[in-house]
Amino acid sequence: MFSTQGTATPPGARGTARSTTTAPHPPKLPKHPQRIAITGGGPGGLYTAVLLKRLAPDRQITVWERNAPEDTFGFGVVLSDETLGGIEHADPEVYEALQQAFVHWDDIDIVHRNTLQTSGGHRFAALERHRLLEILHDRCHSLGVDLRFRTEAPAPARLAETYDLVVAADGVHSTTREAFADVFRPRITEHRCRYIWLAADFPFDAFRFEIAETEHGVMQLHGYPYSTDASTVIVEMREEVWRAAGFNEMDGTESIERCAKIFSDALGGRPLKSDNSTWTTFRTVVNDRWSHGNIVLLGDAAHTAHFSIGSGTKLAVEDALALAACLDEQPDLETALAAYEAERRPVVASTQRAARASLEWFENLPLHLAQPPRQFAFNLLTRSRRVTHDNLRLRDARFTGAVEREFGCPPGTPPMFTPFRMRGLTLRNRVVVSPMDMYSAVDGVPGDFHLVHLGARALGGAGLVMTEMVCVSPEGRITPGCAGLYTGRQTEAWRRITDFVHDRAPGTAIGVQLGHSGRKGSTKLMWEGMDEPLDDGNWPLVAASPLPYRPDGQVPRELSRAQLTDMREQFTAAAVRAARAGFDLLELHCAHGYLLSGFLSPLTNHRTDAYGGSPEKRLRFPLEVFDAVRAVWPGDRPMTVRISATDWAEGGTTADDAVAIARAFAAHGADAIDVSTGQVVADETPEFGRSYQTPFADRIRHEAGVPVIAVGAISSWDDVNSLILAGRTDLCALARPHLYDPHWTLHAAAEQGYEGPGAVWPAPYRAGSRRPRTGRTDAPKPRLSLGS
């Protein structure tokens, strides 16, 4: 859902005065709080007061709000069915009042390059923010809550001493959070766009996104109705566009008039109005802790989520519901606050990941402007990963079907089962079994385990099955169990596997990933101690620079110019063996902190010669290796390169660097870039989450103009379809799902009712191509219902 409220209170809006109080020792906590202070009179604070008073009418609850009751900051609020369901069960009176105030609609309109695309079935409900506050004020008064408007709250430490419980619902600029910053440990990130909340005196027919490509850059409008005669309008653009357009030099009236002129078509020539609106930058708030003693954070004080997924007020109201429930269910305050945080933190983290994806999509909007109108609309609708291909097909089958047809999906064919061509190789579908180290080779020779492991996944229907990183020398192994391609015996063992794939799983391609461990070698098997040095039998390591991967790790030798030549020849010799072994595709491993990756990252390459320093110099050796391998690899067989698109560490490879690296490899003949991230330095801080690495692939695909393989927590066929159809990637590589289910691709086809050429069941397995029946789980329903 979408909303403009609760996620980023404008400066000077709701919130208590700044305090310089230092954090006291937490007071002894009461078991059941009776005297409760709430700072901040927004929806989250007010609804918390309502719920806590309903649960215990004898409680004394005071809410401080520095502004007047009629003051609002923003216009409309959108609430989801899920949130409304919680309100209905907790307080039917509030729910009924909200129902009477709501306006409802189903459609989303997306206008791009004078083309309107409409998608239906989305079920929105919104109301005026002022009316929402009125409903909550009235309910508080009827229950006996003490509402103190135009009043600064006492200092947070003072409240903590005089009340049993202090609920800090004082917004994104929370004074309480700042007062105890050493305890809550907030992390606040400012983003790249400026936006302003405005309103129009007419109702849009749908939630509307409109893109304006101006002489200064791209601007966008987000608009939706919140009453029968008014709409919220948000205008947003990158900071540099905002400045180039001169908004930084305009007063409020000029800004509003300029916005109305830019989006005059969407507004039908009508003016826009303000409610103390100012241009602001969104801030993502994350706290390590949400409570301290008898003080607890709620709503924007604890967390924010970008307005483009409309979760600010929703999250605050759901916080209130959870906090009240935990206080009612748990035996004491300490346990209740811990339970509240444990319940809400995973939900909030998931929402923030979705919000971050949405926010970054709009920040990088120019990447997608050249897409066909329907694909652009689909991309926008699925940007947060909350709305997916399958979900959107349920909402609006006509729209989704039109996008599929324009993409080139034959009738009844999901996007993931469309073919993809690289040089002389055509993959029958878009699924790749990602390289996964098995640590099960003996002297670098793959054995029966590898035959069964790779053979099973080839039989499982994926378009391309990749080997683990296959090492180019004994010293290039990560562990003693790593496979290699530096002997004839290894070549023949790999040939046995590729022959099986080609003979028993025709139509499935098998690729080899060549690499060298660099400074991350000579370690134990993963399950014996990942990245830990061997207890004995270590071999010497080499790397771009003499820097150990871990403080307790072996220090590698810096490769000399002569050794670089030898290393390049090791790669080419392995490539010749790979061709002889019958592999269909070769991937050069330049990611995850291994040897070639170590040259690319400034954190691991401290050389002062021609192979270190500038990005171009750091690229030199990996490109030399690529060129040498490409020269001996058969011309009709594709080559890909895996890179780490970010090091997840300060001073390391950035997303901008990744685009430049991808461009360089593409210019040298790479057929696709396999876009991973991290594992370059041990002290990385990755931002994990569902399909968390795909935005890097998306950017490389559009900016570098090269096909990409997306990886990283892609776990469902719905994710694969969504990413492919939106144009964010060309192929999707999945690892753990294929460990869980070797037949993941065939099962994905069966679950979608697909039986075409993109997913062919091996003849011996065809009897299992339908989901087996299970025992009956439903009971016969009563035929008659007789009254007593």
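Helix α1 and helix α4 cross with left-handed geometry in this predicted model. Helix α1 spans residues 43-55 and helix α4 residues 129-143; their axes lie 9 Å apart at an angle of about 25 degrees. Angles under 35 degrees count as roughly parallel, and α1 and α4 are therefore roughly parallel to each other. On the α1 side, the contact is formed by Pro 43, Leu 46, Tyr 47, Ala 49, Val 50, Lys 53 and Arg 54. Helix α4 contributes Arg 129, Leu 132, Leu 133, Leu 136, His 137, Arg 139, Cys 140 and Leu 143. Sorted by class, this contact of α1 with α4 comprises 10 nonpolar, 1 polar and 4 charged residues.

From α2, the residues in contact are Leu 84, Ile 87, Glu 88 and Ala 90, and from α3 they are Pro 92, Val 94, Tyr 95, Leu 98 and Gln 99. The class count for the contact of α2 with α3 is 7 nonpolar, 1 polar and 1 charged.

In α22, the residues Ala 655, Asp 656, Ala 658, Val 659, Ala 662 and Arg 663 meet Phe 696, Arg 699, Ile 700, Glu 703 and Ala 704 of α23. This contact of α22 with α23 holds 7 nonpolar, no polar and 4 charged residues.

| Helix pair | Axis separation | Angle |
|---|---|---|
| α1 (residues 43-55) and α4 (residues 129-143) | 9 Å apart | about 25 degrees |

At the level of the whole chain, the secondary structure amounts to 26 helices and 28 strands. The C-alpha atoms occupy a box of roughly 85 × 70 × 60 Å along the principal axes. For 788 residues, a compact globule would have a radius of gyration near 28 Å, and the 29 Å of the protein chain agrees with this.

One annotated region is also of interest. An unreviewed UniProt entry places the feature "domain: NADH:flavin oxidoreductase/NADH oxidase N-terminal" at residues 416-749. The span of residues 416-749 is 36% helix and 16% strand, and its end C-alpha atoms lie 9 Å apart.

Conventions: Residues numbered from 1 in each chain as written. Predicted model: local features only at pLDDT ≥ 70, side-chain atom pairs only at ≥ 80, totals over all residues. Heavy atoms only, no water. Axes fitted to C-alpha atoms, helices over the stretch in contact; angles between N-to-C directions. Helix = DSSP H or I, 4+ residues; strand = E, 2+ residues; numbered from the N terminus. Parallel < 35°, antiparallel > 145°, perpendicular 65-115°, else oblique. Left-handed = near helix turned anticlockwise from the far one by under 90°. Contact = heavy atoms within 4.5 Å. Nonpolar A, V, L, I, M, F, W, Y, C, P; charged D, E, K, R; others polar. UniProt positions renumbered as here; feature names shortened; annotations may be inferred. Rg over C-alpha atoms; globule rule 2.2 N^0.38 Å.
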